[in-house]
Amino acid sequence: MRLLFSIGAVLVAGVLAGGDVAGIAAPSSKLEPPKFESPKLERQQRQAADGDAQSVDVELILAVDVSYSMDMDELAIQREGYAQAIQSKEFLQALKAGPNGRIAVTYFEWAASSDQKIIIPWRVIDGPETADAVSAEIMKTPIRRASRTSISGAIGFAMPLFDEDPYHGLRRVIDISGDGPNNNGGPVTVARDLAIEKGIIINGLPIMVKEPSYSTMDIDNLDFYYEDCVIGGPGSFVIAIKDRDKFKEAIHAKLLQEVAGRTPERPVVRVADKDKEPRVSCLIGEKIWSDRWGR
């Protein structure tokens with residue numbers, strides 16, 4: 001089942017014990033023999049400790065659209081939205097409420113099927129300091145724009161990042177934001193289904209703050225397109241942005257849900273789950289591009 005939300009809401013201290021000189025000269029029968037641990041046991045203990053240190057509640061990939069259909073103001077608000085949400089009191093509270101109290105996150109921008117740029121490599125966020133560091137790194141990178149819109153390319157780029165990630169999460173999530181349908185690369189549903197097969201959850205943030213136009217290749221009902229063609233996996237959801245003033249609020253709400261792994265109040269069953277045709281064709285972006293450019 002996929003879900004739709006409305007915008008609303010972790011030392012062990014080592015102690016060195018020393019004996020006195022008399023005790024060394026005249027050992028007492030009460031003294032315990034020294035304990036020796038084998039190198040193998042030491043290695044196993046280190047591995048166990050390291051494994052625990054690498055555990056996180058969620059491995060979260062933030063995949064952000066920077067196609068030309070996004071204007072500079074939208075791109076700036078989008079950047080600020082993610083940076084501010086990660087630093088927010090509510091986000092940090094949700095973070096600490098998890099069993100591990102930390103998440104791993106990476107942030108990349110995408111446009112065409114061959115155009116993805118990692119802005120933030122894998123980082124652990126476990127409190128205010130690490131959250132501030134990630135937010136600052138997001139904001140310091142110059143804003144860019146690029147041509148085409150390949151959601152399938154973004155998903156395809158994101159999947160192997162989980163294999164490179166040194167952390168082990170209870171959930172693996174790709175968070176995709178964008179303001180238009182897939183019009184480049186392979187079919188979005190093929191990429192989505194492959195991700196679902198790997199146990200990856202895809203959530204969506206369709207950006208619908210402008211009226212659809214021929215020049216930008218925007219479409220009506222982009223939220224339906226995201227619900228039926230893009231998102232997938234247990235508990236996946238869409239939060240649509242239909243008001244520019246609600247942009248940051250929507251990003252904030254989505255990140256809270258992803259970190260907390262919450263169940264939404266109002267579930268929506270995608271029509272595709274009922275073996276029916278999607279409400280918006282999953283190839284609509286490709287068709288618009290073909291009709292315009294003849295290819």
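A salt bridge is taken here as a side-chain nitrogen of Lys or Arg within 4 Å of a carboxyl oxygen of Asp or Glu. The structure is a predicted model, in which local features need pLDDT of at least 70 and side-chain atom pairs count only at pLDDT 80 or more, whereas totals for chains, interfaces and linings use all residues. Residues are numbered from 1 along each chain as its sequence is written, and side-chain values use heavy atoms, with hydrogens and water left out.

A search of the whole structure gives 18 salt bridges. In one of them, D228 pairs with R279, with the closest N and O atoms 2.9 Å apart. The partners come from distant parts of the chain, 51 residues apart: D228 belongs to helix α8, and R279 to the loop between α9 and α10 (284–293). Helices (H or I, at least four residues) and strands (E, at least two) are DSSP runs, numbered from the N terminus. D228 is buried, at a relative accessible area of 1%, while R279 is partly exposed at 38%. For these classes, buried means under 20% relative accessible area, exposed over 50%, and partly exposed in between (1.4 Å probe, protein chains only).

Helix α8 also supplies D223, whose partner K242 lies in the loop between β7 (237–238) and α9, 19 residues apart in the chain. D223 counts as buried, with 9% relative accessibility, and K242 as exposed, with 55%.

A further salt bridge joins D179 and K210, with 3.8 Å between the closest N and O atoms. D179 is in the loop between β5 (168–178) and α7 (188–197) and K210 in the loop between β6 and α8 (222–230), so the contact ties together parts 31 residues apart in sequence. The relative accessible area of D179 is 3%, which places this residue among the buried ones; K210 is partly exposed at 26%. Both residues also belong to a network of salt bridges that links D71, D73, E74, D179, K210 and R244.

One disulfide is found, with a disulfide defined as a pair of cysteine sulfur atoms within 2.5 Å. The bond connects C229 and C282 at an S to S distance of 2.0 Å. Because C229 is in helix α8 and C282 in the loop between α9 and α10, the link ties together parts 53 residues apart in sequence. The angle about the S-S bond is -85°, and the link is left-handed. Both cysteines, C229 and C282, are buried.

The nonpolar cores were identified as sets of buried Ala, Val, Leu, Ile, Met, Phe, Trp, Tyr and Cys residues joined through side-chain atoms within 4.5 Å. The largest of these contains 39 residues, and Y82, I86, F91, Y107, I125 and L255 have the most contacts inside it. Elements giving two or more residues to this core include the helices α3 (72–87), α4 (89–96), α5 (128–140) and α9 (247–260), together with the strands β2 (55–65), β3 (103–110), β4 (116–125) and β6 (201–206). Helix α9 gives the most, with seven residues. A second, separate core has 35 residues, including V124, A191, I231 and C282.

With neighbours within four places in sequence set aside, I125 is in contact (heavy atoms within 4.5 Å) with I86, F91, L95, G101, R102, I103, V105, T130, A131 and V134.
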